[in-house]
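Biologist: Could you walk me through the charged residues in this structure? I am new to it.

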Amino acid sequence: MGSPFPVGGDDLSPSAMQTIHFPPTRAAGLDRLTRFTPRMGRTYAAGRNSDPGPGKRTAVSELSPYVRHRLLTEAELIRAAVATHGAAGAEKFIQEVFWRTYWKGWLEMRPAIHDRYRAGLSAAMTAMQHDRSLARRVERACEGRSGIDGFDDWARELVETGYLHNHARMWFASIWIFTLRLPWELGADFFYRHLLDADPASNTLSWRWVAGLQTRGKTYLARRDNIRDHSYGRFDPEGLSGVALALDEPPPPPPLALLPLPAPDRRAPTGLLLHGDDVAGIGLAVAADIQALAGLVIEDGRVAAAQAWTAAALDNGMTEAGRSQGLTGTTLSVGEVVAWARQNRLTQIVTPEAPVGPVRAALTALTPVLSQAGVRLVPVRRPYDALCWPLATKGFFAFKERIPDLLPQVIQDGSPGSS
């Protein structure tokens with residue numbers, strides 16, 4: 001789906017600011033994790049909602065780009081937090097890691113909600129083609145020309161860096177929906193296209209939460225005093241809406257059962273196909289003899305710099321995986337996978353399971369094509385996902401009550417990166 005929004009240029013490499021602040025390597029992620037681990041306890045709990053600005057955020061980890069693409073795993077973060085602070089001492093940090101997991105599980109069992117978002121986005125884009133006033137208001141918001149203090153700064157920071165503090169994301173979404181009165185789907189798309197940690201579940205469902213759709217009737221209102229206080233006086237926006245009336249839509253469908261995946265054939269000549277949702281396959285248990293390694297690069301609708309960052313992370317992930325497998329990886333487009341399988345005489349390709357989103361859609365479309373070529377595509381679910389996703393049947397607070405039971409199971413397997 002095309003987009004009429006400004007995309008921050010068409011450079012085919014990550015921007016210098018993105019690369020400097022978020023080097024797309026596992027080594028950089030591990031270094032950031034090591035440096036932040038001492039602050040996962042009281043520092044994080046006390047300061048996570050305040051944003052002093054880029055380069056000054058010592059109370060938040062900024063690990064999300066690495067975890068999103070699984071250069072680091074959720075289990076690695078949780079183990080580091082518990083080992084250093086104990087489960088109680090790092091409770092808030094651990095809960096926030098599990099929030100990301102909960103969103104993924106929730107959407108996995110309700111994929112129709114993502115389809116609903118995509119349909120709403122398409123309708124909003126069509127509306128812009130016929131309503132020049134709407135198109136101009138959206139353009140000004142995305143370019144940081146709304147005239148609202150803070151909001152315009154966040155729009156520019158997002159485009160320039162590929163990142164925003166979580167509280168700034170909430171403020172931005174609330175102002176977009178309730179002050180500027182713009183379609184929430186267009187705001188979610190703006191975030192998705194620019195964020196290095198762009199995640200269909202976390203992004204879509206967080207915007208729905210602000211709008212009062214996810215927890216029906218419960219909205220998030222950005223307030224001037226809250227922004228002023230938690231930005232340490234950097235921003236003092238006037239003219240914000242004083243009310244946040246929840247948007248409405250039909251209730252979500254009941255959760256679908258999370259079905260087990262077929263097991264790989266241990267005897268089949270097998271290739272490992274990594275992708276942007278799981279770039280390194282760290283700790284992935286594959287019961288097969290891996291004879292070839294590749295990374296799948298797709299067009300996922302994000303701006304060129306964000307896609308290039310993911311491609312660089314995938315290249316690094318393949319290097320890491322290849323070192324453990326004794327293989328050299330190659331980068332493939334969707335159209336090159338069959339030829340790669342034939343060249344390596346593969347009858348089976350295993351791939352980390354991709355959750356709802358563009359990678360899942362690409363793999364779903366590829367499956368029958370490979371089947372016609374005599375190759376079986378087998379997704380492999382991580383034990384961490386298999387453990388946690390089925391518990392996301394209700395609201396987060398019901399899920400949170402299960403965290404004490406989940407922690408021992410996440411921690412007990414201490415192998416590097418296992419999740």
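**Charges, pairs and a buried arginine**

Modeller: Let me start with arginine 136, which has its place in helix H8, the stretch of residues 132–142. Please keep in mind that this is a predicted model.

Biologist: Okay, and which surface patch is formed with Arg136 in it?

Modeller: Arg136 forms a positive surface patch together with Arg132, Arg137 and Arg140. Arginine 136 itself has a relative accessible area of 42%, and because that value lies between the 20% and 50% cut-offs, the residue counts as partly exposed.

Biologist: Switching to pairs, how many salt bridges does the count come to?

Modeller: The count comes to 32 salt bridges. As a general point, side chains of opposite charge can pair when their charged atoms come close.

Biologist: Show me one. What does aspartate 31 form a salt bridge with?

Modeller: Aspartate 31 pairs with arginine 35, and the closest N and O atoms of this salt bridge are 2.9 Å apart. Both residues belong to helix H2, which covers residues 26–36, and because they are four residues apart there, about one helical turn separates them.

Biologist: And how exposed is aspartate 31?

Modeller: Aspartate 31 is partly exposed, at a relative accessible area of 40%, and arginine 35 is likewise partly exposed, at 46%.

Biologist: What about arginine 228, which residue does it form a salt bridge with?

Modeller: Arginine 228 forms a salt bridge with aspartate 236, where the closest N and O atoms are 3.1 Å apart. Arginine 228 is partly exposed with a relative accessible area of 32%, and aspartate 236 is partly exposed with 29%.

Biologist: How far apart are the closest N and O atoms of arginine 402 and aspartate 405?

Modeller: They are 4.0 Å apart, and the two residues form a salt bridge. Arginine 402 is partly exposed at 39% relative accessible area, while aspartate 405 is partly exposed at 47%.

Biologist: Which residues are linked in a network of salt bridges?

Modeller: One such network links Arg32, Asp51, Arg57, Glu62, Glu157 and Arg234.

Biologist: New topic: is arginine 70 buried or exposed?

Modeller: Arginine 70 has a relative accessible area of 6%, and because this is under 20%, the residue counts as buried. Arginine 70 lies in the loop between helix H4 (64–68) and helix H5 (74–89).

Biologist: So what is arginine 70 in contact with?

Modeller: If we leave aside the neighbours within four places in sequence, arginine 70 is in contact with Asp277, Asp278, Val279, Ala280, Ile282, Arg382, Tyr384 and Asp385.

Conventions
Residues numbered from 1 in each chain as written. Predicted model: local features only at pLDDT ≥ 70, side-chain atom pairs only at ≥ 80, totals over all residues. Heavy atoms only, no water. Patch = residues over 30% accessible without salt bridge, like charges linked within 9 Å, V, L, I, M, F, W, Y side chains within 5 Å. Areas by Shrake-Rupley, 256 points an atom, 1.4 Å probe, with all protein chains shown as cover. Salt bridge = Lys/Arg side-chain N within 4 Å of Asp/Glu carboxyl O. Lys, Arg positive; Asp, Glu negative; His and termini not counted. Charge placed at Lys NZ, Arg CZ, Asp CG, Glu CD. Helix = DSSP H or I, 4+ residues; strand = E, 2+ residues; numbered from the N terminus. Buried < 20%, exposed > 50% of the residue type's maximum accessible area, 1.4 Å probe, protein only. Contact = heavy atoms within 4.5 Å.
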